[in-house]
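These are my notebook entries on a structure that I had not examined before. I set down what I looked up, entry by entry.

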Amino acid sequence: MIDATAFVNALTFNAGYNTAIVAIGAVLLGWAGGTVGTFLLLRQRSLVSDALSHATLPGVGIAFLVMAWFGGSGRFLPGLLIGAAISAMLGLASVEWLTRRTRLQSDAAIGAVLSSFFGLGVVLLTVIQSLGIGRQAGIGSFLLGSTSGMLRNEAITLAVLALGVAFLVFVLRRQLTLVCFDETFARTSGIDIRRTDLLLMLLVMAVTVTGLRVVGLILVVALLIIPPVAARFWTDKTNTMVVVSGFVGAVSGFIGTALSASVPNFPAGPVIVLVAACLFVFSLLFAPARGVFYGLYRSRAFSRKVHRRQGLLAILRGEAIYDRDTIKVLKGEGYINADATPTKTGLDAAENAAREEALWTIYLRDNPDAAYRAARMRLDPIAERLTTGEIAELEKQFSGPAAALPVQ
Amino acid sequence: MNVHNTDAGAALTVRGMSVAYGDKPALSSVDAIFKQGRMSAVVGPNGAGKSTMLKAAMGIIPAISGEALFFGRPLAEARSRVAYVPQRASVDWDFPATVIDVVMMGLYRSLGPFRLIGRSQREFALDCLEDVDMASLANRQIGQLSGGQQQRVFIARALAQKADLLMLDEPFAGVDAATEKTIITLLKKLVAEGGTAVAVHHDLSTVTAYFEDVLILNVRRIANGTVAKAFTDANLAEAYGGRLTQATPVLQKTV
Amino acid sequence: MDGLYIGLVLVPTLIGVLAAVSCALLGNFLVLRKQSLMGDAVSHVVLPGIVVAFIFTGSMSVGPMLLGAAAAALLSALLIELVRNLGKVEPGAAMGVVFTALFALGVVLLEQSDTRDVHFDVEHALYGNLESLVWLAGMDASSMFEPEALADLPPQLGRLALALVAVIAFLVFFWRQLVVSTFDPVFAHAAGVPVRFVGAALISLVAVVAVTAFEAVGAIITIAMLICPAAAARLMTNRLLPQILWSVFFALVSAVVGFWAAGSGMELIGSGFSVSAAGMIAAVSGAILGLCAVAAPQRKGALGH
């Protein structure tokens, strides 16, 4: 299905002038979307962009009708995009107004604006269609985006816009990081939060409007949402997240346009989104910081430690163990026999566990503030967590048989 | 308060309970006993796992190990005997409901999903509201209530459950003095009649006045027993560590 | 009554009303649970479901289509929950990831599969074709009692009526659980209400209604009706039952006025346009919400914003 030569050509910008321009535009757009999207995610406003993108449709329709009225072709891209931007701003203002002035929460406001603006847009589209000029005008391509059949000056317009947006994001990224990372600090260092938020929304609008023609208004939000969520699995640091997210966006734009150019019937917009989605799934599963597999491994390991320690202490106290997981862990480690009686190693390990518990108890008595961290640390062998000096100090405070230890 | 109550059975027994959010422990193998017919407080610094313990005991969040027994039985067999009062801030008070609507939610277990609410249930709900001095506001929209009034509604809902054990998560957080007095008087009355109350509590200065037993918690159990025995400077220092500075003068006054 | 009027106006209007009211009823709980956008997400993933069903069966028959769409809707709800919990991201972002990815998949599959000889495209999926759901056998009022004529009614009418009955039955039978777990899920859980089950049932029903409505009237009405009438009703009253009644009323008005405005209304202002009824209905519901936001008695809420 994939034509390898065509794909490589597209990847190396050798698939024709238009394709190369579009690919460059998509990379810039992907980077800008991923970067702006990170701030949007951190401000917990990701889906505001969905309202914004759907709200562009009536603007496109009205711009088309106005331009056609004045005898223009109606298809003039900058005109359509200006219309889109104006109605997106109206949509955004409506969301803001509904959440500020009424009891409605932002989810309801977003959904309401999204659907009613989109409905109005659809009405206008059908008006254009019944005028009999809709099809050749390619208004439909604003729904799902399309790069095939794009005129040269359209491609150039988009690439220039994408460059402009990317440049703006690059210039403003410090200020945005500051606001997202530490609002109070940003305020005290003289940054106007409301103005920065407005700026952020303007950038979101710029990304949306630029992406409209390529990715389409239904999917353009993906450029703003998927890369940052994918990046979140790799890091907890805002700065790193901004970089990773921008990278994910750019790569999606690049591979997506290349695939679309080399495979027949592979529309650019959805393919870009799918590439981003694949990167997201990969991150979700395999990222080391918060990925599923690593997280599963860690939480299982932790839960094993809890069961091992509790089982061993129960052995030492001569109590019966009922918890099935505890029994499984103890058997697996060879601490108990099939009939649940402790083995020799089990008794030794229990003795040792009690000693460590006691030492930790003494340690915590002296360092109460460490309780939260210690709850995890104390399940590891104490020698791995404290220095020999510290352990010697603890042992000095305590001497005697393990069974007499102040186990809590 | 009553000597003969001290050796009564346990209303809630927590054994070896560990809870973790991912691999971040919130509770580390906590054992605790809350006796029947007593007022018990759960105290500890922020992030000590007080609410977590209540929620894990009620099965609202999963524990990675350990168990909670209510009157010697697992929760499933004793659910009707237990009422849980969540933190006031955990719900959206702009919800379209009146005061009495909320109280009647407490009838869920006794009514089941399908039986209709009759006159007698309504009167009972009003009685519960009367107990917290809120009957006059029965038809008020809940969003119009003050913080203290909201807390009273929650208590009335728990009363409507006719439970033997009340589990309260920060019942006095952000309420006015009058409400605090109403609630504590009511709880003491319930306990005197043989009921049991377990409350997550953050104000160390009132522990001695309000409660008979205490569990001091800081991820692990620090102490559990009567206030006289367990609520000591040493135990509190162990739980609060450096954060005790604001609590210390209070302690000197009460202990 | 004029037969043309019944067949060309009343029947499609009724279909619109049924879809609108079913959505609005469920929408009340979505809005109160701050899950309004679940409706949005579910409606988007109907497309990939239908495309996959088409690829498997090779036909555009209704049964597999509905089944595929319902499966996709449920799958998306599950995925959203998964992404939310695993990624610890806010629900909005999780929804955004899932529905855009699945929708993109649907579009690509549609482009790749050979659907050229069947009438199906994304536009149709988005705004349906309510105007075409006419009843040509309905020649006059008496045809309402003729079995042959009734058999010619658009099948969507029956399916949507069934969906509405299912919604009403759900609300009646699960009312108490639904209200308690919406207002105070923590308490509900402690009191033994099957909170998760009720939540899953609500979303499943939203999916079923979205799918049924989608086939008749397109995704856009579904999204609008799941949110706008309930949101507007929320601004009218502080009681749940009146809120639900208001939302039904608003849905009804949106459907009737929207359909009228798209057809007769256009003729009335002397324009020859035929515009999308689905789009018009959505726009009218938005206008109603706008009016309520300006003038409804409880627009500020009891907490006084």
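I began with a definition: helices (H or I, at least four residues) and strands (E, at least two) are DSSP runs, numbered from the N terminus. I also noted that this is a predicted model, in which local features need pLDDT of at least 70, side-chain atom pairs count only at pLDDT 80 or more, and totals for chains, interfaces and linings use all residues. Residues are numbered from 1 along each chain as its sequence is written, chains are lettered from A and ligands numbered from 1 in the order in which they are written, and side-chain values use heavy atoms, with hydrogens and water left out.

**Entry 1: chain C**

I looked up the elements of chain C and found 13 helices and 0 strands. From the N terminus on, they run α-α-α-α-α-α-α-α-α-α-α-α-α.

I then turned to burial, where buried means under 20% relative accessible area, exposed over 50%, and partly exposed in between (1.4 Å probe, protein chains only). Chain C has 305 residues, of which 60% count as buried.

Residues 24 or more positions apart account for 73% of them.

**Entry 2: chain C against chain A**

How many residues does each chain bring to the contact? I recorded 63 from chain C and 60 from chain A.

Buried area is the accessible area (1.4 Å probe) that two parts lose on being put together, summed over both. Between chain C and chain A this comes to about 4800 Å², with carbon and sulfur atoms giving 74%.

I next looked up polar contacts: pairs of N or O atoms within 3.5 Å, where within protein one must be able to donate a hydrogen and the other to accept it, and residues adjacent in sequence count only if both atoms are side-chain atoms. The two chains, C and A, have 9 residue pairs in polar contact (both at pLDDT 80 or more).

Several helices of chain C each supply at least two residues of the side that touches chain A, among them α1 (3-32), α2 (36-57) and α3 (62-87). The most comes from α4(C), with 15 residues.

I also sorted that side by class, with Ala, Val, Leu, Ile, Met, Phe, Trp, Tyr, Cys and Pro as nonpolar, Asp, Glu, Lys and Arg as charged, and the others, Gly among them, as polar. The side of chain C that touches chain A has 35 nonpolar, 18 polar and 10 charged residues.

**Entry 3: salt bridges**

I took a salt bridge as a side-chain nitrogen of Lys or Arg within 4 Å of a carboxyl oxygen of Asp or Glu.

Which parts does the bridge between D94(B) and R234(C) join? The closest N and O atoms of this pair are 3.5 Å apart. D94(B) lies in the loop between β6 (82-85) and α3 (99-105) of chain B and R234(C) in helix α11 (residues 219-234) of chain C, so the pair joins two chains. D94(B) is buried at 3% relative accessibility, and R234(C) is buried at 5%.

E356(A) is in helix α17 (residues 344-366) and R309(A) in helix α15 (residues 292-317), so the pair ties together parts that are 47 residues apart in sequence. E356(A) is buried at 6% relative accessibility, as is R309(A) at 9%.

K344(A) and D348(A) form another bridge, with a closest N and O distance of 3.0 Å. These residues are 4 apart in helix α17 of chain A, about one helical turn. K344(A) is exposed at 59%, whereas D348(A) is partly exposed at 41%.

**Entry 4: S181(C)**

I located S181(C) in helix α8 (residues 175-183) of chain C. S181(C) is buried, with a relative accessible area of 4%. Its side chain makes a polar contact with the side chain of R33(C) at 3.1 Å and reaches the backbone oxygen of L178(C) at 3.5 Å.

Terms used:
Contact = heavy atoms within 4.5 Å.
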